[in-house]
Amino acid sequence: MGDFLHMGGYAPYVWVSYLFGLIVVVVNLWQPWRAEREVWRQLKRRRRNEERMNESETP
Amino acid sequence: MWAWLHRLGSPKRFYGWSGTLARWAGWGSLLLGAAGLYYALFDSPPDYQQGESVRIMYVHVPAAWLSMFIYMNIAFASLISLVWRMKVADMFAAASAPIGAWFTFLALVTGSLWGKPMWGTWWIWDARLTSELILLFLYLGYIGLLSAIEERDTAARAAAVLALVGVVNIPIIHYSVEWWSTLHQGATVTKFEKPSIAWTMLRPLLLMALASTLFYIMVALRLARAELLRREADSTWVRELIDGRQGGGDR
């Protein structure tokens, strides 16, 4: 295990590379997740407002 | 063929099939990525010259490939959007750009982290590194242009033209290691003869490259779908979709 983490003396370079890879993956998972959540929130809010308008129009 | 393409490109159709494709791409990416990571870290030999530092390659090379592949996708989608005015092509191109920028950044950073122990420097202004840096600026310029122009269709058209002009940089990146003398090594996989890389190293490399490509497809499609919903909020099919979802229960 120690050998594995040591990476033949290149540990900082190798592990920081993989860390950056992980960061890029996480950011790119989070972006679409956030976009989807945001757009569905908007769509539902709009829909509710429309329904409220319709209710107030009909006596 | 064109009629078929047009049908697939209609917003409602696109929303349907892209969801399925994104899901499959996501699971495929996870599976191949897990296998690739295993081989990259545990079951591939150290290089006879570079030792264990060669494992950076399994992050660096897929990121660099993807940086160019995504750009070509943006250029192709831009061409489609300019010629046929297909809205979803615009959205796909726009969704691809930030992903491309991130992977270009990753290729540059991991290249730097590989260059320091192997070449003795974080950075040199040689052809390969400089043209890859220009690619990052192209991505940032594309994203900037899209958000700078208020009117959406004008923005999309201007960005599409920029993307197409920037395509000239892609062959420069690819052939830079042949055209100019450089510290960067030449191609070892995409040579026409037998690739000059051992199978035990090629296996994790291909798995990681395929996994990243699927990852890109998944992220780009999901971003494009979200944008599509936002733009089509008033159309009948989106209304039906909302009602379907609300019937599903969170109200």
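**Reading a predicted two-chain model**

Buried residues account for 17% of the 59 residues in chain A. The model discussed here is predicted.

User: What makes chain A more spread out than a compact globule?

Analyst: The secondary structure of chain A consists of two helices and zero strands. Its radius of gyration is 25 Å, whereas the globule rule gives 10 Å for 59 residues; the value is well over the rule, so chain A is more spread out than a compact globule. The box filled by its C-alpha atoms, taken along the principal axes, is roughly 80 × 15 × 10 Å.

User: How do you know which residues of chain A and chain B are in contact, and how many are there?

Analyst: Two residues count as in contact if their C-beta atoms lie within 7 Å. By that criterion, 23 residues of chain A are in contact with 28 residues of chain B. On the side of chain A that touches chain B, the residues comprise 13 nonpolar, six polar and four charged.

User: What makes a set of residues a nonpolar core, and which residues have the most contacts inside the largest one?

Analyst: The members must be buried residues of the nonpolar kinds listed for a core, joined through C-beta atoms within 7 Å. The largest such core has 73 residues, and those with the most contacts inside it are Phe92(B), Ala93(B), Phe103(B), Ala220(B) and Ala224(B). Both chains take part: α2 (11-57) of chain A supplies at least two residues, as do several helices of chain B, including α3 (57-84) and α4 (87-119). Helix α8(B) gives the most to this core, with 19 residues. As for Ala220(B), leaving aside residues up to four places away in sequence, this residue touches Phe92(B), Ala95(B), Ser96(B) and Ile99(B).

User: How do you know where the confidence in chain B is lowest and highest?

Analyst: Confidence is expressed as pLDDT, from 0 to 100. Within chain B, the lowest mean is 76, in helix α1 (residues 2-9), and the highest is 95, in α3(B). The mean pLDDT of chain B is 89, with 94% of its residues reaching 70 or more. The model scores ipTM 0.89 and pTM 0.90.

Methods: Residues numbered from 1 in each chain as written. Chains lettered and ligands numbered in written order. Predicted model: local features only at pLDDT ≥ 70, side-chain atom pairs only at ≥ 80, totals over all residues. Nonpolar A, V, L, I, M, F, W, Y, C, P; charged D, E, K, R; others polar. Helix = DSSP H or I, 4+ residues; strand = E, 2+ residues; numbered from the N terminus. Rg over C-alpha atoms; globule rule 2.2 N^0.38 Å. Buried ≥ 20, exposed ≤ 12 C-beta atoms within 10 Å, placed from the backbone. pLDDT = per-residue confidence, 0-100.
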